[in-house]
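Here are my notes on the model you sent. They take the domains, then a sheet, then the charged pairs.

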Amino acid sequence: MTAVSTVAVAGAGFAGLAAGIQLARTGVHVDIFDSGPELSALGSGISLQGNALRVFDRLGVWEEVRAAGFPFEGLTLRAPGPDAPVVAALPDVKTGGPAYPAAMGIPRPALAKILFDHAQLSGATVHFGSEITALSPHGDAVEVIVGGASAGDYDLVIGADGLNSTVRTLIGIEAGPRPNGMGIWRTFVSRPAEVERTELYYGGPVYIAGYTPTGDDTMYAFLVEEAQDRTGITDAEATRIMLEESRAYGGPWESIRADLAAGAHANYTWFTTHIVDAPWNRGRVVIIGDAAHSCPPTIAQGAAQGLEDAFVLTELLLERDAVDQGLWDSFHDRRLPRATAVVEASTQLAQWQIDGDRDADAGGLIHGIAQRMAEPA
């Protein structure tokens, strides 16, 4: 027996789809409501640490994810300049354990498609163009209102609807993302053969320049700068800005600039940070993933934490026979300290960069968090 038989999920992102897969394949009726018109095919790439790969394996999607991405070990640090000299080649902690690579890159649309297909194969129904606009708890159920009309009653509602979560607002949680002072340019480009793992450049005109391989022929590149208002700029202006800001960096950046000059799209977002204090639920409605926490991607744990939220929550729902305080206590005990540690460490690393603190023990902080993530969630 499981604690739920019907579940509504807000958001068809990574965390929402992961929750849908895990619940639906055991016979739970799952409806996933997403405000977008279709599964997003936009985006560059994403870096995933080993603990995220461990979740994919438990969901039954790891082999497909591995085939669609670029697994690698370690991290290379380079300096600015025309020759882009290598400063250090660092090993990674295998946060997923010895059975998985330390990390991998994958195109975001490819990962979304794999999770979407498996959610459907598991029996979940995904409704696009369907935003949850109201929730009406009564007894042991929650009525879900989509676009002003009732979609029915559910035993549980999972708000996995991202940074600007509607579900978070509907249940009265005021804590939300706030800018941390950094902005990031991203572009999706071809991969030079010499790029075999993430490489980061510190120093120069931006806080961080870097790239991560996402496939045999692809990678995504990024520049992290002081946050600026980039609203209203054209695609051509975005490309020009990324080209100009990257000129201090040599090596594979020559190839990246060639792709940008040939028309590769550049996009811009701000980094945010927040962590919702416990409880993440209000009765039978709970938020997970970016709705509950966000952080600068300075240790590449954002997606992993959302996936862990989904897996731990659904594991508890499937092994227990009631949605009660004991379930919520177990969920928060397993997730809040871990997610908080990631948010605080990621935010601290970003702040050290903003402050130009050369005495900060960034390596020690990163290693400590990686060791903690190596323990299963």
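1. Buried area is the accessible area, taken with a 1.4 Å probe, that two parts lose on being put together, summed over both. The model here is predicted. By that definition, domain 1 and domain 2 bury about 1,600 Å² between them. Carbon and sulfur atoms carry 63% of this area.

2. Where do the domains run? The domain assignment gives domain 1 as 6-71 + 105-177 + 273-374. Domain 2 is 180-272. Their C-alpha centres are 27 Å apart. The contact draws 20 residues from domain 1 and 20 residues from domain 2.

3. Which residues of domain 1 lose the most area to domain 2? They are Ser44, Phe70 and Gln353. Together these three make up 37% of what the domain 1 side buries.

4. Now the polar side of this interface. Between domain 1 and domain 2 the count of salt bridges is 0. Polar contacts do occur: 4 residue pairs across the interface meet the rule, both residues at pLDDT 80 or more. As for secondary structure, S3, S7 and helix H9 (325-355) each supply at least two residues of the domain 1 side that touches domain 2.

5. Next, the sheet that holds S3 and S7. This sheet is open and has 3 strands, in the order S3-S7-S4. The pairing is antiparallel. Strand S3 (45-49) and strand S4 (70-72) are the edge strands, and each pairs on one side only. From one strand to the next, the twist averages 20°.

6. How many bridges join S4 to S7? There are 3, and the two strands run antiparallel. S7 covers residues 103-107.

7. Last, the charged pairs. Side chains of opposite charge can pair when their charged atoms come close. The salt-bridge count by this rule comes to 13. Asp117 and Lys113 form a salt bridge through their side chains, at 2.8 Å from N to O. The cut-off for a salt bridge is 4 Å. Why are Asp117 and Lys113 about one helical turn apart? Because they sit 4 residues apart in helix H4.

Conventions
Residues numbered from 1 in each chain as written. Predicted model: local features only at pLDDT ≥ 70, side-chain atom pairs only at ≥ 80, totals over all residues. Heavy atoms only, no water. Pairing = 2+ DSSP bridges. Axes fitted to C-alpha atoms, helices over the stretch in contact; angles between N-to-C directions. Domains from an automatic or database assignment. Contact = heavy atoms within 4.5 Å. Polar contact = N/O pair within 3.5 Å; in protein donor to acceptor, adjacent residues only side chain to side chain.
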